[in-house]
Amino acid sequence: MMQFPLTLDHLVARAEKVFPGVEVVSRRADRSLHRTTYGAVCARARKLAEALARWGLRPGDRVATLMWNHAAHLELYLGAPLAAGVVHTLNLRLHPDDLAYIATHASDRVLVVDEVLLPLWEKFRDRTRIERAVVVPSSGGGEYEGLLSTAEGRWTPPVLSEGDAAGMCYTSGTTGQPKGVVYTHRSNALHALGVALVDSLALSHRDTLLPVVPMFHANAWGLPHAATMMGCKLVFPGPHLDAVSLLDLMQAESVTCAAGVPTVWMAILDALQREPGRWKLAPGLRMVVGGSAAPESMIRAFDKHGLTVVHAWGMTEMSPVGSVSQLGPDAPRLSEDEAYAQRARQGRPTPWVDIRAVSESGEVPWDGRTPGELHVRGPWVASGYYQNDEARERWTEDGWFRTGDVVTLDATGSIKVCDRLKDLIKSGGEGISSVDLENRLMAHPAVKEAAVVSVPHPKWSERPLAAVVLREGARVGPAELRDFLAPHFAAFWLPDAFVYVDAIPRTSAGKFLKSALRERFADWTWG
Ligand code: ADP
């Protein structure tokens, strides 16, 4: 067979030839819609590559972005690698101190920044070595167009190798310095294929895809690459991520597949329940949920609205998708409850992702019961962090990446994430899954959100405390919540305290920030 490189220029060339007319729609900051096509986006990505090279970008140089999801960000995703550059997406939800650290650690040379994000850029620009910042105005035109116009169209692009770096992300990490992950052309290409498979997200040329997950977070789950590979119409939400804006956009553009973290979908569910019938969404709409566990109650509730939740698990270090929960050939024989339980798992690993779960006594059996830390390896799993040796212990000597997730594996390799290792509650030496408790609590009609954390305890060393956010106008006492949980868990699992809070603190990716809750309740006095 031919030695044909898995490089992203192939995606661009194919899109230009096979589906140049397929649309890429973006909601601008001023809420107007910008409509373009893959043909135009790819032509502009080529111009961008040439312009960057003429400016002085060398192979391997980092091109940072500080941008929302829109067509220009896709041009960066495709264009920087065409110039053998590395697109480094800066997470705009991070603190300016972190951004300064990350941009410096990555040696970013040039930055492309949305006009609406200039105030953020001003807060850390003096602490970076970025040589040039190019502004993308909210209304088109401006500096970014100026950069593109320096391309003359007479340029020989560099020959790319599949092992070349193409992208870079830092994990937000709740402790320690952020850690960089470098993706290659090959890993991006293979990951895009893996994500698109029918038993993964089933992305097709007939799909209209809305990545709500930000392009500055874990490659937007590889969706920009996968969409450009498969020819999906793309719809970008820009900075408008509230439920009504998203539902309006899904309706207007007949979105068939949307992807985001549970927080986003909880808000959408809330809106659908408040105003049933207001939105006419595409029949069979899939909603890909990942980043945190999708509660079973949410999957059930969306089904009532005719919307199908597809649950996926991943990590920045895995490009990020590692597994997707799709029903298998036994689906017709499953009871309704069994089917929901399966869909709420994190699912089977995609092809090319090897998994094992390891406890203190070695690799655990795939029996659906014995917990162990999930280890992974594969062509889109990082082999180390960028210029960071401190975290070497995340990789085993025999070549696996330690995910830090405690899981059980069933006989078919379907993963169930019990907890993050650091969130697991150890009561009297026994593990309690905070995730299972939370997901059950959130099935209570009065509960909007719930996070369960470990709190130091004199006798049991740790005990679970549940922080609960109630729905507007709803009331429910601790005793009722305990009774609601009791049928589903061993008695020692039940939280000893229920605390009502206004909001659960969140990470930059919208996940529950449990370390903040643990700190807040560290001095809790048990009654
Ligand atoms: P961070 O949020 O720290 O930047 P990632 O986005 O890479 O990092 O998060 C990866 C982690 O998110 C996983 O190790 C896992 O704990 C959690 N996670 C991701 N998807 C799921 C899921 N579907 N269910 C439960 N946990 C998930």
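**View A. β7 meets β8 in an antiparallel pairing.** Six bridges hold β7 and β8 together in the antiparallel sense; strands pair here if DSSP finds at least two bridges between them. Look for Ala165, which stands opposite Thr184 in β8. Strands are DSSP runs of E with at least two residues, helices are runs of H or I with at least four residues, and both are numbered from the N terminus. This is a predicted model, in which local features need pLDDT of at least 70, side-chain atom pairs count only at pLDDT 80 or more, and totals for chains, interfaces and linings use all residues. Residues are numbered from 1 along each chain as its sequence is written, and side-chain values use heavy atoms, with hydrogens and water left out.

**View B. The six-stranded open sheet has mixed pairing.** Reading across, the order is β6-β5-β3-β4-β7-β8. Its edge strands, β6 (132-136) and β8 (179-184), each pair on one side only. From one strand to the next, the twist averages 25 degrees. Helix α3 (residues 71-82) lies across β3 (62-66), β4, β5 (108-114), β6 and β7, and runs at about 145 degrees to β4. Axes are lines fitted to C-alpha atoms, for helices over the stretch in contact (heavy atoms within 4.5 Å), and angles run from 0 to 180 degrees between N-to-C directions.

**View C. The largest cavity has about 40 Å³ of space.** A cavity is a set of points on a 1 Å grid over the protein atoms alone where a 1.4 Å probe fits but cannot get out, and lining residues have an atom within 4 Å of a point. Grid points are joined across faces, edges and corners, and the volume is the space filled by probe spheres set on the points. Tyr77, Val87, Thr89, Gly167, Met168, Asn188, Asn219 and His225 line the largest cavity. Two or more of its lining residues come from each of β4 (86-89) and β7 (165-171).

**View D. The second largest cavity has a volume of about 40 Å³.** Around this one you will find Ser325, Gln326, Gln342, Gly347, Arg348 and Ser414.

**View E. Nine strands make an open sheet with mixed pairing.** Follow the order β2-β1-β10-β9-β11-β12-β13-β14-β15. At the edges, β2 (33-37) and β15 (348-349) each pair on one side only. Strands β12 (residues 286-289) and β13 (residues 308-314) run parallel, joined by four bridges, and Met287 stands opposite Val309 in β13. Helix α10 (residues 262-274) packs on the sheet, touching β11 (257-260) and β12, and its direction makes about 140 degrees with that of β12.

Definitions and conventions:
On a 1 Å grid over the protein atoms alone, a cavity is a set of points where a 1.4 Å probe fits but cannot get out, and a pocket is an open set with protein on both sides within 12 Å along at least five of seven lines; lining residues have an atom within 4 Å of a point.
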